[in-house]
Structures are given as C-alpha cells and as structure tokens.
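Thanks, everyone, for making the time. I would like to walk you through one chain, beginning with the overall picture and then moving to a few residues.

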Amino acid sequence: MLLPRVLTAAVGIPLFLYVIHLGGWPFLFLCAGLALLALHEYATVLWLGGRGVQRYLVCVLGTALALCVGVSGPAFPAAPGLSSAAVSLVVLAAMLRELIRSEHSLDRAALTILGALFIGWPLGHVALLRQRAPGGEGLVYLLFACVWATDTLAYAAGRAFG
C-alpha cells in the first residue's frame with residue numbers, strides 16, 4: 001500500500017508543483033479538477049450512507065462554481081459578478097431539480113447546495129489566491145505543504161496506532 005503512494009508522489013508532486021508555478025489557466029483547471037474529484041467523493045459518501053444528494057448535479061455545479069470564482073481574478077478576462085451569478089445558479093438548479101422530481105426533498109437539495117458551496121467555492125478561491133495575493137504562489141505552496149504533511153502524519157499515525 002505504501003509503494004503506490006510513494007510512486008504517485010514521486011511523479012505527481014513535481015507535476016503539481018510545476019502547475020502551481022505556472023498559475024493562470026493551468027492552475028485554474030487543476031483547482032477545478034480537484035473540486036470535481038472532491039465533489040465526486042462527497043456525493044459517493046453521502047449516497048453510500050443512504051443520504052440523498054443530486055450526485056451528478058453537485059459535481060457539475062461545484063466544478064462550475066470553482067471555475068467561475070477562479071476566473072474573477074486579474075489574470076482572466078471575466079465579467080464582473082460572475083461568481084455571484086454562479087452561486088445563484090447553484091441554488092436555482094438544485095431547487096428546480098427537486099421541483100421536477102416526483103419525490104421532493106429539501107434535504108437532498110440542501111446537501112447538493114452545501115456540497116457545491118463547501119467544496120467548489122474554496123477551491124476557486126485557491127486559484128484567486130495564487131493570482132491576486134502578493135506572494136500568492138508561496139502561499140499556495142504553503143497551503144498544499146500543510147495539507148500533505150497532515151495527510152502523511154494521519155496515515156503514519158493510523159498505521160502505527162490502528
């Protein structure tokens with residue numbers, strides 16, 4: 001189990017760091033891809049737990065939200081208010097989807113909206129952080145270094161203590 005992780009890290013981490021360094025569109029698409037993967041995991045965990053969620057819609061809406069938020073930075077020619085319109089679209093689409101279903105569920109709509117906002121919104125802001133903040137590249141490196149360190153320590157603790 002450790003060997004695949006090490007091999008993935010040996011190839012993936014340098015590529016990931018290079019895309020952070022590039023910034024712009026490649027980094028925005030990386031953030032959107034991370035949002036899509038996280039949203040898929042979110043929807044799958046809820047579905048396996050017996051909780052209703054609009055599985056495909058949460059993935060599409062959350063990824064679109066991450067892209068719209070990320071495009072509102074200075075490196076991209078975006079329309080003002082695009083991220084606000086995207087949030088409105090997330091809420092509207094989830095609610096309309098429930099209205100056209102035969103079984104209406106406010107819980108399912110709420111979990112869909114929560115997932116899109118809780119995952120897509122922050123990952124779009126990571127792209128903004130890279131573009132807008134002074135020293136944004138370094139801040140993004142620090143963010144991912146902290147995430148990787150805590151993930152590695154959690155894995156090691158889990159292996160050591162069960």
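Predicted model: local features only at pLDDT ≥ 70, side-chain atom pairs only at ≥ 80, totals over all residues.

Of the 162 residues in the protein chain, 33% count as buried, where buried means under 20% relative accessible area, exposed means over 50%, and partly exposed lies in between, with a 1.4 Å probe and protein chains only. Residues are numbered from 1 along each chain as its sequence is written, and side-chain values use heavy atoms, with hydrogens and water left out.

The secondary structure comes to six helices and zero strands, taken as DSSP runs numbered from the N terminus, with helices being H or I of at least four residues and strands being E of at least two. The C-alpha trace spans about 50 × 45 × 20 Å along its principal axes. If we take contacts, meaning heavy atoms within 4.5 Å, between residues at least 6 apart in sequence, 68% of them join residues at least 24 apart.

Let me turn to helix H3, residues 55–70, whose 16 residues reach 23 Å from first C-alpha to last, close to the 22 Å expected at 1.5 Å a residue; that expected span is 1.5 Å times one less than the number of residues. Its buried residues, among them Val 58, Leu 61, Leu 65 and Val 69, pack against helix H2 (24–48), helix H4 (82–100) and helix H5 (106–132).

On the H2 side, Phe 27 has its place in that helix and is buried, with a relative accessible area of 1%. Leaving aside residues up to four places away in sequence, Phe 27 touches Val 19, Ile 20, Val 126, Ala 127, Arg 130, Val 140 and Phe 144. The C-alpha atoms of Phe 27 and Gly 70 are separated by 9.5 Å, although the two residues are 43 apart along the chain.

That leaves the cysteines, and how many disulfides are there by the rule of sulfur atoms within 2.5 Å? The count comes to zero. The sulfur of Cys 59 is 16 Å from the closest cysteine sulfur, in Cys 68, and therefore too far for a bond. Cys 146 is likewise in no disulfide, the nearest cysteine sulfur, that of Cys 31, being 16 Å away. In terms of accessibility, Cys 59 counts as buried at 10%, whereas Cys 146, at 42%, counts as partly exposed.

How values were computed
Disulfide = S-S within 2.5 Å.
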